[in-house]
Amino acid sequence: MAGTGREAVAGRLPWVLVVPAGLGLLFLVLPLAGLLVRAPWATLGERLVEPEVLEALRLSLVTATVATGICLVLGVPLAWCLARLSFPGRRVVRALVTVPLVLPPVVGGVALLLVLGRRGLVGQWLDSAFGITLPFTTAGVVVAEAFVAMPFLVISVEGALRAADLRFEEAAATLGASRWVVFRRVTLPLIAPGIVAGAVLCWARALGEFGATITFAGNFPGQTQTMPLAVYLALETEPEAAIVLSLVLLAVSVIILASLRDRWVNSP
Amino acid sequence: MTLTAALRLTRPNFRLDLDLEVAPGEVVALLGPNGAGKTTALRLLAGLTRLTEGHITLDDQPLHDLPVEKRPIGMVFQDYLLFPHLSALDNVAFGLRCQGTGKAESRRRAFEWLARVGLEDHANVRPRQLSGGQAQRVALARALVIDPRLLLLDEPLAALDAHTRLEIRSHLRRHLADFDGATVLVTHDPLDAMVLADRLIVIERGQVVQEGVPADVARRPRTDYVARLVGLNLYRGTAAGHHIKVDDILFTVTEHLEGPAFLVFAPSAVALYRTRPDGSPRNLWQATIDGVERHGDNMRIHLDGPISAAADITPAAVAELDLTPGQTVWASIKATETHAYPA
């Protein structure tokens, strides 16, 4: 029987693969377990409500959410253009969009400073014309996070757009829908799951953003000190506080993973 | 609401060249094998594909320069393409909303149409939960509620099972009879075309090969494809009086014709004999059996020889004559069972 033959093959564990796989899993899980083991559970409650922690958490949540909003407003149309329009140099544009994905965030921060800094290419104009200064402000945090997180959204939404059945849009057009109505009433609802997944990823990336933020926006408590920055600072002065902050970020990550489980964890 | 169109499309491996005229209230079916260009013709009319050349005029108004959404059309797609995120009611109301009708009014009129297609109980159901026949009716209501002047139906019954098909076919026929605009219907099923259409246009490889009212097309096929569709043996020969010469066989027919002519006869009219029949019946030829297969209650014998033909005989006769592939038989057809017409 073919069935038994297959079971016999499956029964012999391929140790050459299983052993490194187990080590790999351990390597990923052990640090997280260490975090849980070393957490100061007894004083966790009071540490969590310390003003600095709450302030960093609030700032992180607000900036990550605003950054995600900006990414949605700019990134969804960008994804649409990449997926639906054919124009010369589209491949180059797609490559450019994904650059922040592979660029070291610190480099991104430096680049942002050069362009949007007070003496930067666009920054000096923003300053003289509107009196807007981005570096080392809360708005600067949002800019840095959006810069780093937008590719996640664009890639996810573009994938959803490419997978969507174009004929629904054709059907809508025969019913008299203009391009904008088609986009708003047919395309967007059809790719909504992809947008949600992209936004969640984008938000998670913005929440964890460190390098570009500290370079472009600095590290001022209450103004630009987000959770990851607070963790880094606390590690030098008060390691236990760093663990507590890390636990909070870990909890957020787990919640995000759980909310996306159908999409990412259960996918074949 | 007369539609006149000259549809010309040139693609690397395909050319469509189709002239079309549809009167108000008339239903024209484009019939043809897969890849003949039927759906392409429909997409050209809708504006989903651009004409290479030609024109589309509806009531003296040129359509070919208008974008899809500006054309006064209603289209039913082969797999309906109901919007999965909207209820049946909102699917039907979609076109009205696009025309700028208010939400409440759109829904009221959409509901009226759902009632007309007998689905008022399914107004709030999502397309996923509708059966094939119900989805087809919602798609029809969605296309008709916007009061189109040109209705386009792409294989409207192809996605249905045999039983539902019968029911939806007569349902569709009623609605097409009520519709006062021009209708162009695409199908590869001759029965759908015959039942639903006032006139058939048969296209093969992007060209019109035959055109006419269904009964005429069924009686006088002009290509092998049409002959197969309507289940007739078709030959092209040369007529002289009551005789038509097809290859080396001289057929006697009842019609009086001269010059190139078509000859058709039904497979059921063919008689088969193991030995040469006595006397000298006309229209007799010797053939080799190429294959035997079931065909309804009868057996269909495929004959090879000077002409290839199909013959339908009863299973009892097959057994009696001991007909097996490779065997030689005599075939004959009565002159009164043939039909001949100019080619």
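Contact here means heavy atoms within 4.5 Å, and in this predicted model that criterion places 20 residues of chain B in contact with 17 residues of chain A.

**Chain B against chain A**

About 1,700 Å² is buried between chain B and chain A, with carbon and sulfur atoms giving 68% of that area. On the side of chain B, E69(B), L81(B) and F94(B) supply 31% of the area that the chain buries against chain A, which is more than any other three residues supply. Across this interface 2 salt bridges are found, and the side chains of D79(B) and R167(A) meet in a salt bridge with an N to O distance of 3.1 Å. The elements of chain B that give two or more residues to the side touching chain A are β6 (73-76) and α2 (88-98), and α2(B) gives the most, with 4 residues. By residue class, the side of chain B that touches chain A divides into 13 nonpolar, 2 polar and 5 charged residues.

**Domain 1 against domain 2 within chain B**

Chain B is divided into domain 1 (3-228) and domain 2 (231-342), and the centres of these two domains, taken over C-alpha atoms, are separated by 39 Å. Their contact takes 9 residues from domain 1 of chain B and 8 residues from domain 2 of chain B. The area buried between the two domains is about 760 Å², of which carbon and sulfur atoms give 51%, and R220(B), R222(B) and A227(B) supply 56% of what domain 1 buries against domain 2, more than any other three residues.

Between these domains the count of salt bridges is 0, whereas 7 residue pairs are in polar contact, again with both residues at pLDDT 80 or more. On the domain 1 side that touches domain 2, the elements giving two or more residues are α7 (214-219) and α8 (224-230) of chain B, and the largest share, 3 residues, comes from α8(B). The residues of that side divide into 3 nonpolar, 1 polar and 5 charged.

| Parts | Buried area | Share from carbon and sulfur atoms |
|---|---|---|
| Chain B and chain A | about 1,700 Å² | 68% |
| Domain 1 of chain B and domain 2 of chain B | about 760 Å² | 51% |

Technical notes
Residues numbered from 1 in each chain as written. Chains lettered and ligands numbered in written order. Predicted model: local features only at pLDDT ≥ 70, side-chain atom pairs only at ≥ 80, totals over all residues. Heavy atoms only, no water. Domains from an automatic or database assignment. Buried area = accessible area lost by both parts, 1.4 Å probe. Salt bridge = Lys/Arg side-chain N within 4 Å of Asp/Glu carboxyl O. Polar contact = N/O pair within 3.5 Å; in protein donor to acceptor, adjacent residues only side chain to side chain. Nonpolar A, V, L, I, M, F, W, Y, C, P; charged D, E, K, R; others polar.
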